[in-house]
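I opened my notebook for some helix packing and core contacts. Here is what I looked up.

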Amino acid sequence: MNIFVDFAMTPGALAALREGTAEHQLLFPQTPAASVLAAPEADPRFCAAEIAFGQPNTKAVAEASLLRWIHVSSSGYTRYDNPQFRSLVAERRIVVSNSASVFAEACAVHVLSFLVAQARNLPAALKTRTGNGTPVWNELRQASGTLQDENVLILGFGAIGTRLALLLRPLGANVVAYRRHARGDEIVPVVTEPGLASALAQAQHIVNVLPDSSQTRHFFDAACFAVIRPGAVFYNIGRGSTVDQTALLGALRAKRLKAAWLDVTDPEPLPDEHPLWQEPNCFITPHLAGGHTNETTSLVRHFLANLHRFVRHEPLVDRIM
């Protein structure tokens with residue numbers, strides 16, 4: 001089969017891909033996608049593709065008559081998550097999967113790092129020099145807590161949220177998940193829309209893993225922050241577009257939120273003059289949560305495992321359409 005691959009990878013990952021697809025033909029575009037967030041360019045080679053691995057151009061997908069399977073090289077798939085594209089792949093019987101499993105561990109560990117750093121008051125402790133027994137030392141010590149019996153609400157309970165819930169179990173946190181529609185196989189209690197306000201009012205830690213979509217844009221607006229428990233901490237590793245950042249800034253300045261930890265913003269990178277940079281209790285990392293050593297090799301291995309299943313007509317891991 002012809003496999004179109006449109007993202008840049010390390011030499012080691014490329015070697016693994018070539019070895020694992022020796023029975024097939026690899027097609028590469030003239031210009032690989034620079035980022036999973038950038039709109040991909042159309043390429044004439046795509047018309048011959050039966051399988052696409054990466055971030056294929058949506059218009060090219062519509063014109064590729066031979067295409068049978070798309071494997072998205074990211075966990076997010078916003079550009080494909082719309083009624084028109086879903087209708088297209090359903091009509092053409094094109095299978096679509098993503099790489100959520102590749103990034104779940106790193107994303108969960110990243111937000112766990114945020115949670116633990118907040119609980120242990122590390123931002124203040126790392127900036128303080130003081131002797132044992134001083135008033136400042138005592139204040140820092142008293143402000144250093146644990147996650148035992150703390151209420152954590154995770155919004156968006158897919159692979160990342162599930163892994164985070166498992167990592168939080170040994171720490172004794174009380175985890176609740178929010179989903180628009182409960183599936184029944186979740187490992188923690190689930191609330192849906194009618195119970196969201198109550199869950200927000202009880203949570204001490206609010207973890208946003210929501211994807212970008214027409215339903216989630218500015219999901220966290222002023223009204224949402226108004227019902228949050230005073231003194232709660234907000235974490236975002238989903239998408240920056242799901243948060244009204246003016247409302248977030250207002251909640252921080254009004255002390256409604258104790259702190260915010262963000263791996264994603266809108267736009268990215270956040271401009272130097274943006275007021276969130278000046279907030280002492282707002283901590284921002286540059287969209288690193290899913291990153292890990294040998295990342296593109298992990299992506300290739302996940303794709304190759306799914307290719308093995310696809311050839312044998314077996315269910316794919318991380319199928320989304």
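I began with the crossing of helix 1 and helix 11, which is right-handed (left-handed if the near helix is turned anticlockwise from the far one by less than a right angle, right-handed if clockwise). Helices here are DSSP runs (H or I, at least four residues), numbered from the N terminus. The axes are lines fitted to C-alpha atoms over the stretch in contact, and angles run from 0 to 180 degrees between N-to-C directions.

I then listed the contact (heavy atoms within 4.5 Å). Helix 1 gives Gly12, Ala13, Ala16, Leu17 and Gly20, and helix 11 gives Thr296, Thr297, Val300, Phe303, Leu304 and Leu307. By class I found seven nonpolar, four polar and no charged residues (Ala, Val, Leu, Ile, Met, Phe, Trp, Tyr, Cys and Pro count as nonpolar, Asp, Glu, Lys and Arg as charged, and the others, Gly among them, as polar).

A note on the source: this is a predicted model, where local features need pLDDT of at least 70 and side-chain atom pairs count only at pLDDT 80 or more, while totals for chains, interfaces and linings use all residues. Residues are numbered from 1 along each chain as its sequence is written, and side-chain values use heavy atoms, with hydrogens and water left out.

Next came helix 4 (residues 100-119) and helix 7 (residues 159-168). Their angle is about 45° and their axes are 8 Å apart, so the two are oblique to each other. This crossing is right-handed. Among the contact residues are Ala104, Ala108 and Leu112 of helix 4 and Ile160, Leu164 and Leu168 of helix 7. The classes are 13 nonpolar, no polar and two charged residues.

Not counting residues up to four places away in sequence, His110 touches Asp263, Thr285, Leu288 and Ala289.

Of its 50 residues, Leu17, Ile154, Leu164, Leu168 and Phe303 touch the most other members. Helix 4 supplies the largest share, eleven residues.

Notes: Core = buried A, V, L, I, M, F, W, Y, C linked by side-chain atoms within 4.5 Å. Buried < 20%, exposed > 50% of the residue type's maximum accessible area, 1.4 Å probe, protein only. Parallel < 35°, antiparallel > 145°, perpendicular 65-115°, else oblique.
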